[in-house]
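Q: I have a structure to read and would like to learn how its features are described. Could we begin with the surroundings of the ligand?

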Amino acid sequence: SSQLMAGKRGLIMGLANDKSIAWGIAKACADAGAELAFSYQGEALKKRVDPLAEQLGSNIVLPCDVSDEASIDALFAELEAKWGKLDFVVHAIGFSDKNELRGRYVDTSRSNFQMTMDISVFSFTAVANRAEKMMSEGGSLLTLTYYGAEQVMPHYNVMGVAKAALEASVKYLAEDLGKDGIRVNAISAGPIKTLAASGIGDFRYIMKWNEYNSPLRRNVTTDDVGKSALYLLSDLSSGVTGENLHVDAGYHVVGMKAVDAPDI
Ligand code: NAD
């Protein structure tokens, strides 16, 4: 697959460190010959993202806080100046107050509801709006979601409601942008120990539950997600849009989850 992404240029949003899902995806794309740019949130992350980008031969590392329209515009203006055209974007961004990623959904505050929806849902639409203008020859947009959008998962709460809205936006964006040859898809990843996941209550327990109950009897890795992302970002998926691809060791197909795990 070394030529699969040759000549393609992509923006990776949401790289925080080498545990990030964005890192698994970036590595898979770079291995397949893609040229990458990265955006990061806040100066503190720049010193982590710079060396990772360099490892993959990229020196385009730009700030972007997706809660700020001007910041998104500035990112795309810089990319436009550097590259002109863009072939793909990976949106691996989500955020909610961790105090509300435990306890009851019904207790969600209005302010955190709005912030969670803004950063975890609207930002993908805002990014798609800018990316479209740089994709005159078509392209592929990808976001990350979780099974908590489809079924109630413990502690996922407002983030589950946000992911459901994100999954609906994937479908609406696919329809709007399909005429221009731009495909829009999501990957629903199984639980992976990342910075964002560490905010979710009882996350270790959720990982164990998935490991014991999924058809593959294991958890997925960021490399598993990276390989599936490569499919959705490349021409291998040229006929696929509006899709939500579960990369979860099959967990979502199991009806009768009966864990047999003496140690959890
Ligand atoms: P991560 O902490 O490595 O990445 C989350 C990223 O979101 C960080 O880089 C952070 O800087 C960025 N971010 C947060 N607020 C932002 C803002 N205002 N502007 C710009 N960037 C902002 O964690 P991750 O698990 O790799 O998360 C990536 C995506 O994958 C998220 O959408 C997450 O919900 C999703 N996901 C994660 C899992 C899991 O178990 N880890 C499972 C399914 C889906």
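Q: How many nonpolar, polar and charged residues does the shell around the ligand have?
A: Residues are sorted by type: Ala, Val, Leu, Ile, Met, Phe, Trp, Tyr, Cys and Pro count as nonpolar, Asp, Glu, Lys and Arg as charged, and the others, Gly among them, as polar. In this shell there are 19 nonpolar, seven polar and one charged residues. The model is predicted, so local features need pLDDT of at least 70 and side-chain atom pairs pLDDT 80 or more, while totals for chains, interfaces and linings use all residues. Numbering runs from 1 along each chain as its sequence is written.

Q: Which residues come nearest to the ligand?
A: A residue is near a molecule if its C-beta atom, placed from the backbone, lies within 6 Å of it. Of the 27 residues around the ligand, Ser20, Gly94, Leu144, Thr194 and Ala196 come nearest. Helix H1 (21-31) and strand E5 (139-145) are the elements that give two or more residues to this shell; helices (H or I, at least four residues) and strands (E, at least two) are DSSP runs, numbered from the N terminus.

Q: Which residues touch the most other members of the largest nonpolar core?
A: Such a core joins buried Ala, Val, Leu, Ile, Met, Phe, Trp, Tyr and Cys residues through C-beta atoms within 7 Å, buried meaning 20 or more other C-beta atoms within 10 Å of a residue's own. Among its 73 residues, Ile12, Leu15, Ile25, Cys29, Val90 and Ala229 touch the most other members, and helix H5 (residues 157-178) gives the most to the core, with nine residues.

Notes
Buried ≥ 20, exposed ≤ 12 C-beta atoms within 10 Å, placed from the backbone.
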